[in-house]
Amino acid sequence: MKLALAQLNPTVGDLRGNAAKILDFYRQGAAAGAGLVATPEMAVTGYPPRDLLAKRRFVDDNLETLSELAGHVGATGLVVGYVDINLERPGQDYFNAVALIQNGQIIARRFKSLLPTYDVFDEDRYFQPAASNAPVDFAGHKIGLTICEDVWSEDYLPKRLYNRDPVADLVRAGNAEIILNISASPYHLDKERIRYDMLRAEAVKYRVPFVYCNLVGGNDELIFDGQSLMFDAAGTVRYFTRRMLRFPGRPRLMARWC
């Protein structure tokens with residue numbers, strides 16, 4: 001299966017504009033023969049949407065935008081980040097979510113398990129963590145869909161922050177054959193090396209390929225450098241993009257994964 005990763009530069013709040021970028025790259029990926037096209041975390045809304053989430057109409061509009069995108073998706077799958085509504089109480093109103101779309105239908109939805117609240121992040125102010133996650137079946141493979149922090153092991157975090165390991169759950173309990181992570185990981189000095197080392201270590205630890213799609217561009221004080229990556233199950237890098245700060249709108253195609 002050939003994967004296409006869209007290092008998009010979405011604009012926070014511009015749902016229509018972001019959808020147009022997603023659809024444009026989806027069509028490029030499908031035309032290039034990709035079986036699956038992935039976009040970054042919250043590609044529909046832009047990251048971080050912050051207090052725009054206090055406007056219920058904004059969240060409803062993002063769901064409508066997701067449905068409209070689905071209408072343009074054919075046999076090539078699309079993985080897209082968006083915001084979903086949490087109907088359970090007690091709990092926060094929303095989920096940081098990822099959808100897998102194929103042939104006009106949303107065939108799977110998954111929610112972010114680990115919500116960072118350190119440094120520049122305040123996700124638990126808005127979102128409910130996923131109670132569980134399970135691989136999705138796509139093109140004969142079991143794919144673990146994860147969102148940003150879900151793949152960050154404690155060895156690469158400021159300190160031990162979580163009592164859960166979403167990747168372990170997906171691989172050991174769910175038999176995931178590949179981990180696909182959509183991310184909005186801000187840049188800081190040496191972040192590229194840390195991210196590279198962490199993803200490589202995770203691939204070796206769990207003996208599964210890791211595919212990582214990151215955001216590019218700038219939102220307020222945050223800079224996103226891209227650096228999308230792919231490691232095989234032995235921890236060998238199969239594809240990576242160098243820093244994309246000079247070309248924040250430029251998407252990249254991923255190499256084959258078998």
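Let's begin inside the fold: cysteine 148 is buried, with a relative accessible area of 6%. Cysteine 213 is buried too, and its relative accessible area is 0%. Please keep in mind that this is a predicted model.

A disulfide here would need the sulfur atoms within 2.5 Å. A search of the whole structure accordingly returns zero disulfides.

## The overall fold

The protein chain contains four helices and 14 strands. Its C-alpha trace spans about 45 × 45 × 40 Å along the principal axes. How does the radius of gyration compare with that of a compact globule? For 258 residues, a compact globule would come out near 18 Å, and the chain has 17 Å, which agrees.

Buried residues account for 54% of the 258 residues in the chain. Among contacts with a separation of 6 or more, 70% are between residues 24 or more positions apart.

The structure holds one cavity of 30 Å³ or more. About 90 Å³ of space lies in the largest cavity. Its lining consists of 13 residues, and those nearest the centre are Tyr47, Pro48, Arg50, Asp122 and Glu123. Which classes of residue make up the lining of this largest cavity? Ten are nonpolar and three are charged, with no polar residues.

Proline 48 sits in the loop between strand S2 (36–38) and helix H2 (56–70). Another cis peptide bond joins arginine 89 and proline 90, with omega at about 0 degrees. Proline 90 belongs to the loop between strand S3 (77–85) and strand S4 (94–102). For background, most peptide bonds are trans.

## Helix H3 and its neighbours

Helix H3 covers residues 166–173, and its buried residues are Pro166, Val167, Ala168, Leu170 and Val171. What do the buried residues of H3 pack against? Their partners are strand S7 (141–147), S8, H4 and strand S9 (210–214). After H3 comes asparagine 175, whose phi is positive, near 60 degrees.

## Positive phi in two aspartates

Most residues other than glycine have a negative phi. Aspartate 190 has a positive phi of about 75 degrees although it is not a glycine. This aspartate 190 lies in the loop between strand S8 (178–183) and helix H4 (191–206). At 36% relative accessibility, aspartate 190 is partly exposed.

Aspartate 220 also has a positive phi, near 55 degrees. Its place is the loop between strand S10 (216–219) and strand S11 (222–225). Is aspartate 220 buried or exposed? With 70% relative accessibility, aspartate 220 counts as exposed.

Arginine 200 and leucine 229 are 29 residues apart in sequence, while their C-alpha atoms are 9.5 Å apart in space.

Alanine 233 is found in the loop between strand S12 (229–231) and strand S13 (237–240). Its relative accessibility of 32% counts as partly exposed. Proline 209 is 24 residues away from alanine 233 along the chain, yet their C-alpha atoms are separated by 4.5 Å. Leaving aside residues up to four places away in sequence, alanine 233 touches Ala203, Val204, Arg207, Val208 and Pro209.

Note on methods: Residues are numbered from 1 along each chain as its sequence is written. This is a predicted model: local features need pLDDT of at least 70, side-chain atom pairs count only at pLDDT 80 or more; totals for chains, interfaces and linings use all residues. Side-chain values use heavy atoms; hydrogens and water are left out. On a 1 Å grid over the protein atoms alone, a cavity is a set of points where a 1.4 Å probe fits but cannot get out, and a pocket is an open set with protein on both sides within 12 Å along at least five of seven lines; lining residues have an atom within 4 Å of a point. Grid points are joined across faces, edges and corners, and a volume is the space filled by probe spheres set on the points. Ala, Val, Leu, Ile, Met, Phe, Trp, Tyr, Cys and Pro count as nonpolar, Asp, Glu, Lys and Arg as charged, and the others, Gly among them, as polar. Buried means under 20% relative accessible area, exposed over 50%, partly exposed in between (1.4 Å probe, protein chains only). The radius of gyration is taken over C-alpha atoms; the globule rule is 2.2 Å times the number of residues to the power 0.38. Contact means heavy atoms within 4.5 Å.
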